[in-house]
Amino acid sequence: MQCIAYATADQYHLPNLCHDLIAHGFIEIKEFPRDASNVLVMGTENAAKPYDSGTIFVFREGSVVFWNVEEKTHEIQPYEVALVHWENEEITYTVGEGNSKLHRGIFLFNEEMDYDQVVLEKFAFSNALSLSVKLAIWEVSLDNFVESIQSIPEMLKSGQRVKLSRAEVMQKIGELFSLRHCINLSSDLLITPDFYWDREDLEQLYEKTCQFLNINRRVKVVNEKLQHCTELTDLMRNHLSEKHSLRLEWMIVILITIEVMFELARVIF
């Protein structure tokens with residue numbers, strides 16, 4: 001059976017989404033811990049294979065994870081979710097004997113577990129998958145940002161004029177800080193969510209999946225790139241500030257020169 005994760009938006013409005021999904025035949029799974037308030041858990045009868053029920057985890061942060069769900073339900077058309085297939089994670093899972101775990105890139109679930117416990121374990125796996133696909137979108141955004149400023153160092157090195165206005169530089173700085181905020185402050189990429197503090201078994205599944213997806217290493221690389229971009233944008237801002245200061249100094253010199261000339265003219269004539 002297949003588990004597929006997508007990141008489709010900056011954020012979802014879960015109450016509205018829940019209402020609309022129910023209207024389209026989905027079933028809300030309400031027997032879920034209240035401290036997992038950032039996720040909407042839905043069931044569906046459109047299971048791809050008969051060995052397991054179809055389950056969907058919708059995370060407020062803009063990512064969604066499908067477990068054994070028919071392909072046609074991957075796109076929630078009433079919301080016109082754009083760019084569903086930008087980045088995704090697809091992992092096979094199966095049910096059998098032994099403890100639930102991630103083994104050689106496959107999720108294994110204990111066939112003797114009750115339904116509620118299975119949903120919790122799927123949530124732990126889904127939580128890590130949702131972070132991975134969200135991080136992938138931010139990685140693409142950062143790569144696009146780097147591409148947009150990659151000519152600046154060479155221009156500065158060769159003494160050419162930087163073809164960006166002060167407003168454009170400030171816009172670049174704003175884009176960069178927004179990206180840093182998303183990755184380091186408004187997500188769980190740097191810390192383990194509070195949900196797992198008293199659920200050690202689920203935490204192990206979550207951490208193991210994060211390790212498998214190389215999330216910590218990817219975050220480190222992204223932050224190194226962000227630091228380099230920050231240094232470059234600071235350099236650009238300082239360069240423009242120096243040009244602005246030099247322009248003001250020349251204006252002052254010109255004004256003083258004009259005043260002196262008027263004074264000389266008054267004395268002479």
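Select Ile-254 to start. At 45% relative accessibility, Ile-254 counts as partly exposed. (Buried means under 20% relative accessible area, exposed over 50%, and partly exposed in between, with a 1.4 Å probe and protein chains only.) Ile-254 sits in helix H6, residues 215-268. Helices (H or I, at least four residues) and strands (E, at least two) are DSSP runs, numbered from the N terminus.

A word on the model before moving on. It is predicted, so local features need pLDDT of at least 70 and side-chain atom pairs count only at pLDDT 80 or more, while totals for chains, interfaces and linings use all residues. Residues are numbered from 1 along each chain as its sequence is written, and side-chain values use heavy atoms, with hydrogens and water left out.

**Around Ile-254**

With Ile-254 they make a nonpolar surface patch of about 650 Å². Patches are made of residues with over 30% relative accessible area and no salt bridge; like charges are joined within 9 Å, and nonpolar side chains (Val, Leu, Ile, Met, Phe, Trp, Tyr) within 5 Å. A salt bridge is a side-chain nitrogen of Lys or Arg within 4 Å of a carboxyl oxygen of Asp or Glu. Accessible areas come from the Shrake-Rupley method with a 1.4 Å probe, and for residues only the protein chains shown count as cover.

**The whole chain**

Zoom out and color by secondary structure. The chain has six helices and eight strands. From the N terminus on, the elements run β-α-β-β-β-β-β-β-β-α-α-α-α-α. Of the 269 residues, 39% count as buried. The chain exposes about 16100 Å², and carbon and sulfur atoms supply 53% of it.

**The sheet**

Eight of them form an open sheet in the order S2-S3-S4-S5-S1-S6-S8-S7, with mixed pairing. The edge strands are S2 (27-28) and S7 (101-103), each pairing on one side only. Two strands pair if DSSP finds at least two bridges between them.

Two bridges join S2 to S3 (residues 39-44), and the two strands run antiparallel. Pick Glu-28: opposite it in S3 stands Met-42. Next, six bridges join S3 to S4, again antiparallel. Here Leu-40 stands opposite Val-58 in S4.

Stay on S4. How many of its six residues are buried? Six of the six are, so to speak, covered. Gly-54, Ile-56 and Val-58 point one way from S4, while Thr-55, Phe-57 and Phe-59 point the other way.

Move on to S5 (residues 63-67). S4 and S5 pair in the antiparallel sense over five bridges. Thr-55 stands opposite Trp-67 in S5. The two strands form a hairpin with three residues between them, and Gly-62 in the turn has a positive phi of about 105°.

Now jump to S1 (residues 2-7). Five bridges join S1 to S6, which run antiparallel. Select Tyr-6 to find Asn-88 opposite it in S6. S6 and S8 pair in the parallel sense, over five bridges. Tyr-93 stands opposite Phe-107 in S8.

**Helices across the sheet**

H1 lies across S2, S3 and S4 (54-59), running at about 5° to S3. Axes are lines fitted to C-alpha atoms, for helices over the stretch in contact, and angles run from 0 to 180 degrees between N-to-C directions. Contact means heavy atoms within 4.5 Å.

Which residues of H1 are buried? They are Leu-14, Leu-17, Cys-18, Asp-20 and Leu-21. Their cover includes S2, S3 and S4. Just after H1, stop at Gly-25, with a positive phi of about 100°.

Then show H5 (residues 200-212). H5 lies across S6 (88-96), S7 and S8 (106-110), at about 25° to S7.

**Two last stops**

Most residues other than glycine have a negative phi. Two asparagines are worth a click here.

Select Asn-68, in the loop between S5 and S6. Its phi is near 55°, a positive value in a residue other than glycine. Is Asn-68 buried or exposed? At 2% relative accessibility, Asn-68 counts as buried.

Finish at Asn-214, in the loop between H5 and H6. Phi of Asn-214 is also positive, near 55°. Asn-214 counts as partly exposed, at 35% relative accessibility.
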